[in-house]
Amino acid sequence: MGWDEGSVFYSDQAQFPRGDPDQGSTRHSALRKFKEFIRSFNGVKGDFPYRESLLHNPNFLQVATEDLDSFDGELSEKIRKTPADYLPLFESAAAEVLAALRSKVAGETGEMEEPTTGEVQVLLSSKENFISMRSLGAEFISKLVKISGIVIASSRTKAKATYVTLLCRNCKNVKSVPCRPGLGGAIMPRSCDHVPQPGEEPCPIDPWVVVPDKSKYVDQQTLKLQENPEDVPTGELPRNMLLAVDRNLVQSIVPGTRVTVMGIYSIYQASSAQKGAVAIRQPYIRVVGIEQATETHSGGPTSFTADEEMEFKEFAQRPDSYTRLCSMIAPSIFGHGDVKKAVACLLFGGSRKRLPDGVRLRGDINILLLGDPSTAKSQFLKFVEKTAPVAVYTSGKGSSAAGLTASVIRDSSSREFYLEGGAMVLADGGVVCIDEFDKMRAEDRVAIHEAMEQQTISIAKAGITTVLNSRTSVLAAANPPSGRYDDLKTAQDNIDLQTTILSRFDLIFIVKDVRLYDQDKRIASHIIKVHANAGSTTKDSDALDRENWLKRYIEYCRVHCKPRLSDAAATMLQNNYVRIRQQMRQQVHDTGESAPIPITVRQLEAIIRISESIAKMRLSYVATEEHVTEALRLFNVATMDAARSGLTDQINLTPEMRNEIQQVETQIKRRMGIGSYMSERRLIDELARMGMNESTVRRALIIMHQRDEVEYKRERRVILRKA
């Protein structure tokens, strides 16, 4: 019936399923075109990129869809519309081309044998823009899509059958059934196709048994992709998407990586489907190509045009490049020149070093801003979050130890434990901004210790023992315990953080709200100007360009420049460090009280890192003496100033004040016998009646408290006189 209609039939029925003949012929022509594409596509340099890459690694072939477009638009359109049909064709074409290329090589030995080639996996990549996870609707099903996000979890590798071998129970007939790719299963035939002999009983219905050992398998892994934090609309939770990766893509991605994924938007039947919901299917993405975002930036691989590189290098050569860069940091904030310079150092970072014995020295700079409310601390944090290539912003009260480091979660479907990285892991290679650092619980703050110095996070929970990378800088803002910075208290009482965490910060700034007439006037006019000019759009685009330029420049410097100290600078640093330690020892000796901020070897490393980052801003490969001088100056105005702050130094008392304080002390000793209690309020009132100034009395009490002559009880309301 109709055999002599003149259409051509092909013997290879597996690739071209039976159906209307023209379907087969289009597929056959597609296969031919794919082969032709791999064999004869000319690259930019006039070479054959795909032939070369097939010979170099026969396991997979990375194809750019742009090349397919330029070779044959119709073909690439087919791959976009019905990828599930045409990708297997592409893969078999690649395997055949590889076999052809191989046989030429084998022919030189004198024996012409056909080499056996395995499967070739075709990976697609594309330069088109990705679509957001939220816009993936029903119209995209079984089409090619491109989305981007952060991988937050990955499962263990499983074996997925591609061909299942079935055995008939009755007649021992063997049959091989192909499996659907992705998360689908195999379709078992109901009846055996063995024709019974006369006198033999026919095979029953459903006679097939699966023979697992004889089936063919590939590796498969499922990943969980979450949308990028910057793409989430305000007030919404980030969406997740299930990804299925197989063969060569398995275990190439670790959680916390930002990726761009090309894949087929498919559906699968969830095992625990609700009763009654027959037609509901869960969407997932069968990955056909994955691009890892580079370490420095999330928007795909960073490539700089030659013009940009020229511009950056010219900018770095200018004598005022350092000051220009610092003026670009948070331009809407008035003053705070040194804080801006420090934040610039944090954004550029020092250089990370690997020692021969495998020890890593961190290159990231950590900064703590401590001080009064309304001194633009959080604004600095917000600016850094916008400007840094990768940044995560958290607040101290709303984050727990597990949320900052990593948590172990039990998967609902497979009941196995997996890791989900927290803020410090997701910001690997970037900055973590922690606001309200002082409001964090002490046991949560301990979790950051390891991340800040060793730059790893180690976990031993629920049978998972592992070490995650967290190469991040930390920018933290905190208020003193009493809310404001109190000059009458010692520095120890004002900085209410442990020395263990303080020594991990490279620069500690005490930001005070100083009341000076001229400065207040200038700040007021600046703020009014900012508010008045906020609406003008022309300046706005200019500012955006500047911000983008700064982002690109920071990336360029971080990728291309890894400065080291020069010998002269090293000697200078060494002498200065010894001198600073000597000063601190002298101060402890004079006042009899240890400094609130320790000056340790970590601080020496901090100065080295700051000098390197200042050199990096100038794209200089050697940190010279001038860079070290600037770093020492920053260190002096920040950390050293904080270490000397408060009342630890009684040098600033005039002789009259000292006289008054001594008088007050004698009065207090007269009023209170040793071992007696008295309310602070009452004591101050009594001395005020004698004409003594209240602040002088308080100061005298603090000095006596330092000498351990009086002690505060009941939340500093009652004073106890000691011997």
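A search of the whole structure for disulfides, defined as pairs of cysteine sulfur atoms within 2.5 Å, finds zero. The structure is a predicted model, in which local features need pLDDT of at least 70, side-chain atom pairs count only at pLDDT 80 or more, and totals for chains, interfaces and linings use all residues. Residues are numbered from 1 along each chain as its sequence is written, and side-chain values use heavy atoms, with hydrogens and water left out.

Helices (H or I, at least four residues) and strands (E, at least two) are DSSP runs numbered from the N terminus, and two strands pair if DSSP finds at least two bridges between them. An open sheet of five strands with parallel pairing has the order 13-16-19-12-20. Its edge strands, strand 13 (391–395) and strand 20 (507–511), each pair on one side only. Neighbouring strands of this sheet are turned by 15° against each other on average, direction ignored; axes are lines fitted to C-alpha atoms, for helices over the stretch in contact, and angles run from 0 to 180 degrees between N-to-C directions. Within the sheet, four bridges join strand 12 (residues 367–371) to strand 19 (residues 473–478) in the parallel sense, and A476 of strand 19 is the bridge partner of L368. Helix 9 (residues 377–387) lies across strands 12, 13, 16 (431–435) and 19, and runs at about 155° to strand 16; contact means heavy atoms within 4.5 Å.

Strand 17 (residues 456–461) and strand 18 (residues 464–469) run antiparallel and are joined by six bridges. I459 has T466 in strand 18 as its bridge partner. Two residues lie between the strands of this hairpin, in which A462 takes a positive phi near 50°.

Eight aromatic pairs are found in the whole structure; rings of Phe, Tyr and Trp (its six-membered ring) pair if their centres lie within 6.5 Å, with planes under 30 degrees apart counted as stacked, over 60 as edge-to-face and the rest as tilted. The ring centres of F37 and Y50 are 5.1 Å apart with planes at 40°, so this pair is tilted. F37 belongs to helix 1 (residues 21–40) and Y50 to helix 2 (residues 49–56), so the pair ties together parts 13 residues apart in sequence. F37 and Y50 are also members of one aromatic cluster, together with F34, F41, F71 and F90.
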